[in-house]
Amino acid sequence: MLNIKIDEEEVRKLYIDELEKHLNKLDNEKLFWNTKELEYQTSMCMNTMQKEFFFDKDFPKRKIGKKWYYPVAQTKEFLLKWINNQ
């Protein structure tokens, strides 16, 4: 007879590690955010963002047609610097 024992905590840890890797990969796949996604990511409405940092010359944004686009990596970097300076 075969008896197998599984360490449930170790399995849970491995599962969570793999899930985090997958989520990070999904997050890194986006190159641009639109305004709706920027609002979601910052938990701020457009009016607040405009008041706080939107018009800062260093804030990375591009208007294409009628829509604004924000390069994800540069935007994250800017936002982290901005929040640390508040």
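Helices here are DSSP runs of H or I with at least four residues, and strands are runs of E with at least two, both numbered from the N terminus. With that in hand, we can walk through this predicted model.

**Overall layout**

Starting at the N terminus, the elements follow the order α-β-α-α-β-β-α, giving the chain 4 helices and 3 strands. The radius of gyration is 20 Å, whereas the globule rule gives 12 Å for 86 residues, so the chain is more spread out than a compact globule. The C-alpha trace spans about 70 × 30 × 20 Å along its principal axes.

| Helix | Residues |
|---|---|
| α1 | 8-29 |
| α2 | 35-42 |
| α4 | 72-84 |

**Surface, contacts and charge**

Of the 86 residues, 23% count as buried. The accessible surface comes to about 7500 Å², and carbon and sulfur atoms hold 54% of that area. Turning to contacts with a separation of 6 or more, 51% of them come from residues 24 or more positions apart.

Nonpolar side chains in soluble globular proteins tend to be buried together. In this model, the largest nonpolar core has 13 residues, and L38, F53, F59 and Y70 have the most contacts inside it. Two elements, α3 (46-54) and α4 (72-84), each give two or more residues to this core.

**Two residues worth a visit**

K13 sits in helix α1. Its relative accessibility is 47%; because exposed means over 50% and buried means under 20%, K13 counts as partly exposed.

S43 belongs to the loop between α2 and α3. Is S43 buried or exposed? With a relative accessible area of 68%, S43 is exposed. Its backbone is also worth a look: most residues other than glycine have a negative phi. S43, which is not a glycine, has a positive phi near 60°.

Definitions and conventions:
Residues numbered from 1 in each chain as written. Predicted model: local features only at pLDDT ≥ 70, side-chain atom pairs only at ≥ 80, totals over all residues. Heavy atoms only, no water. Rg over C-alpha atoms; globule rule 2.2 N^0.38 Å. Buried < 20%, exposed > 50% of the residue type's maximum accessible area, 1.4 Å probe, protein only. Contact = heavy atoms within 4.5 Å. Areas by Shrake-Rupley, 256 points an atom, 1.4 Å probe, with all protein chains shown as cover. Core = buried A, V, L, I, M, F, W, Y, C linked by side-chain atoms within 4.5 Å.
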